[in-house]
Amino acid sequence: MAMRSNTKSRSKGWASLPDLALDLIFQKSSTSLSDCLCFGAVCKSWFSFMSRNYDAQRICMNSSSFEELPLLMIYPGDRDCVTNLYSVTKGKIISDLKLPYYTWRCCGSSHGWLAFQNPLTFCLFNPFSRETIDLPHLEFNVHKLILSKNPSTSSCDFEVMAMSKTWGQSKLAILKPGSKTWIPTHLPVVRSSFHDVIYYNERYYVVTYEGRVLSINNTASEYEQIAPASINEAITGFREFYLVKTTTNKLLKVQITGRYDRQVLIFQSWFQVHRPKNPCLQN
């Protein structure tokens, strides 16, 4: 019993270290992105410190460590649900994470948080701090979920946008801070499906099946089209649209088009990148 008490006491001691001590530990031990992930996984207080001070702490990290980005989360399919964070550029696994919701459907990630949904429950889960935030029930299956801010640093001041992706019946819903009810967003101009949604410069943007980009204000009651459709009807086959933000804070629309060439029996695909022309997007 005494040994357990001492162990628990030491554990509390590590969790209650002051920021100055944590800053010194971070500078000495976190020289790569992998180290940074391990630092934040020690306990909730260490993760909170890293989240609050990440912009300043990243200066201490080797510039080469950011070459580990972007990261893919790979699910091997076992019931233990231990996933791997795989660095695309480095071609290696840099960390392992265990997820508790192996029977649920993962429907998106934003600011390091994962969204899980089953027929009765909806929640956000942080795989590093192990924190969970329960969300109100939503009637439709979510294809993508985004957060306006990081709940780890803005626990009472973040919005949630959920998007479904069903032909002719795509839906958007916004959850305001402190609310227990989703606000549906009605876009009568849209007759097809949504392909992607992003939060950019304090507004929401969606791209439709035809490639139109719509800007939605935070009240979800007004919208405007900022980019026209970009589908070439002469080209048939697979097409997808995505909205991305560059490291220089520019909003881009990415179009992926593919088709199967029966003559040479090859599936061909190509990318196109467009920048919507609108004054509110210029920085």
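Predicted model: local features only at pLDDT ≥ 70, side-chain atom pairs only at ≥ 80, totals over all residues.

Mentor: Residues are numbered from 1 along each chain as its sequence is written, and side-chain values use heavy atoms, with hydrogens and water left out.

Trainee: What makes strand 14 and strand 15 a pair?

Mentor: Strands are DSSP runs of E with at least two residues, numbered from the N terminus (helices are runs of H or I with at least four). Two strands pair if DSSP finds at least two bridges between them; strand 14 (residues 213-216) and strand 15 have four bridges in the antiparallel sense, and therefore count as paired. Within this pair, Leu 214 stands opposite Gln 225.

Trainee: Why are strand 12 and strand 15 called edge strands?

Mentor: The open sheet is formed by four strands in the order 12-13-14-15, with antiparallel pairing. Strand 12 (194-200) and strand 15 (223-227) each pair on one side only, and are the edge strands. Neighbouring strands of this sheet are turned by 25° against each other on average, direction ignored, where the axes are lines fitted to C-alpha atoms (for helices over the stretch in contact) and angles run from 0 to 180 degrees between N-to-C directions.

Trainee: Why does Arg 212 count as buried?

Mentor: Buried means under 20% relative accessible area, exposed over 50%, and partly exposed in between, with a 1.4 Å probe and protein chains only. Arg 212 has 15% relative accessibility, and so it counts as buried. Arg 212 is placed in the loop between strand 13 (203-208) and strand 14, and its C-alpha atom is separated by 5.4 Å from that of Ala 227, 15 residues apart along the chain.

Trainee: How do you know whether Glu 202 is buried or exposed?

Mentor: Its relative accessible area is 60%, and therefore Glu 202 is exposed. Glu 202 sits in the loop between strand 12 and strand 13, and has a positive phi of about 65° although it is not a glycine.

Trainee: What makes Asn 249 partly exposed?

Mentor: Asn 249 has 25% relative accessibility, so it counts as partly exposed. Asn 249 lies in the loop between strand 16 (238-245) and strand 17 (251-261), and its phi, near 65°, is a positive value in a residue other than glycine.
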